[in-house]
Amino acid sequence: MNLRDTIRSIPDHPKPGIIFRDITTLLGDPRAFRRSVDELVQPYAGLKIDKVAGIEARGFILGGAVAHQLSAGFVPIRKKGKLPAETASITYALEYGVDEIEIHRDAITPGEKVLVVDDLIATGGTAAAAVELLQRLGADVVGTCFVIDLPELGGADKLRAMKVPVRSLVAFEGH
Ligand code: AMP
């Protein structure tokens, strides 16, 4: 079974020129879902990870499974205005405009080892903002992991420049 073949590609979604890499087909395939989680977890098995931080929304599905497997806690990083208790937030640049993500201030105890999980890294803007937010709360971000990398968009390089390890399972050319 090839993980790549379980990911559906939708040309010109959500706008012309973008190929949307849809993981719902991977998630719906029992062996592919299990294999993805096993491979994301593998470098960290046996290490003490305190928390897995998942990025809304597909990072919740994968991150929840990874956290369970590592016996770690799960921390949601959400779009602005969704979390009910006191939050810390960060804005980051998009191609057009800005976006904002938030975390509960008490979700991290300083010094905790945290692994960041999302489905896909493109420009790395979202993941880099998540790492910075976690570090502001005192987290030791030990790694970031993704099912899909779009290397031409430079996101993985951006995280490595922040001295954060990056791992992905499948790479696709282009945008
Ligand atoms: P970025 O901040 O540019 O790394 O974008 C990453 C976020 O946008 C992730 O949460 C992805 O789910 C989503 N994303 C960006 N590009 C794509 C794409 N081509 N297909 C599917 N999701 C994407």
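**Accessibility and salt bridges in a predicted model**

Me: Why is Arg-35 called partly exposed?
Reply: Arg-35 has a relative accessibility of 32%. Buried means under 20% relative accessible area, exposed means over 50%, and partly exposed is in between (1.4 Å probe, protein chains only); Arg-35 therefore counts as partly exposed. The model is predicted, so local features need pLDDT of at least 70 and side-chain atom pairs count only at pLDDT 80 or more, whereas totals for chains, interfaces and linings use all residues. Residues are numbered from 1 along each chain as its sequence is written, and side-chain values use heavy atoms, with hydrogens and water left out.

Me: What makes Arg-35 and Glu-39 a salt bridge?
Reply: Their closest N and O atoms are 3.5 Å apart. A salt bridge requires a side-chain nitrogen of Lys or Arg within 4 Å of a carboxyl oxygen of Asp or Glu, and this pair forms one. Both residues lie in helix H2 (residues 30-41), four residues apart, or about one turn of the helix. Helices (H or I, at least four residues) and strands (E, at least two) are DSSP runs, numbered from the N terminus. Glu-39, at 24% relative accessibility, also counts as partly exposed.

Me: How do you know that Arg-78 and Glu-56 meet in a salt bridge?
Reply: The N to O distance is 3.1 Å, and the side chains meet in a salt bridge. This pair links distant parts of the chain, 22 residues apart: Arg-78 in strand S4 (residues 73-79) and Glu-56 in the loop between strand S3 (51-55) and helix H3 (58-70). Arg-78 counts as partly exposed because its relative accessibility is 22%, while Glu-56, at 15%, counts as buried.

Me: Why is Glu-100 called buried, and why is Lys-80 called exposed?
Reply: Glu-100 counts as buried because its relative accessibility is 18%; Lys-80, at 51%, counts as exposed. Their side chains meet in a salt bridge (3.8 Å, N to O). Glu-100 lies in strand S6 (residues 98-104) and Lys-80 in the loop between S4 and S5, so the pair ties together parts that are 20 residues apart in sequence.
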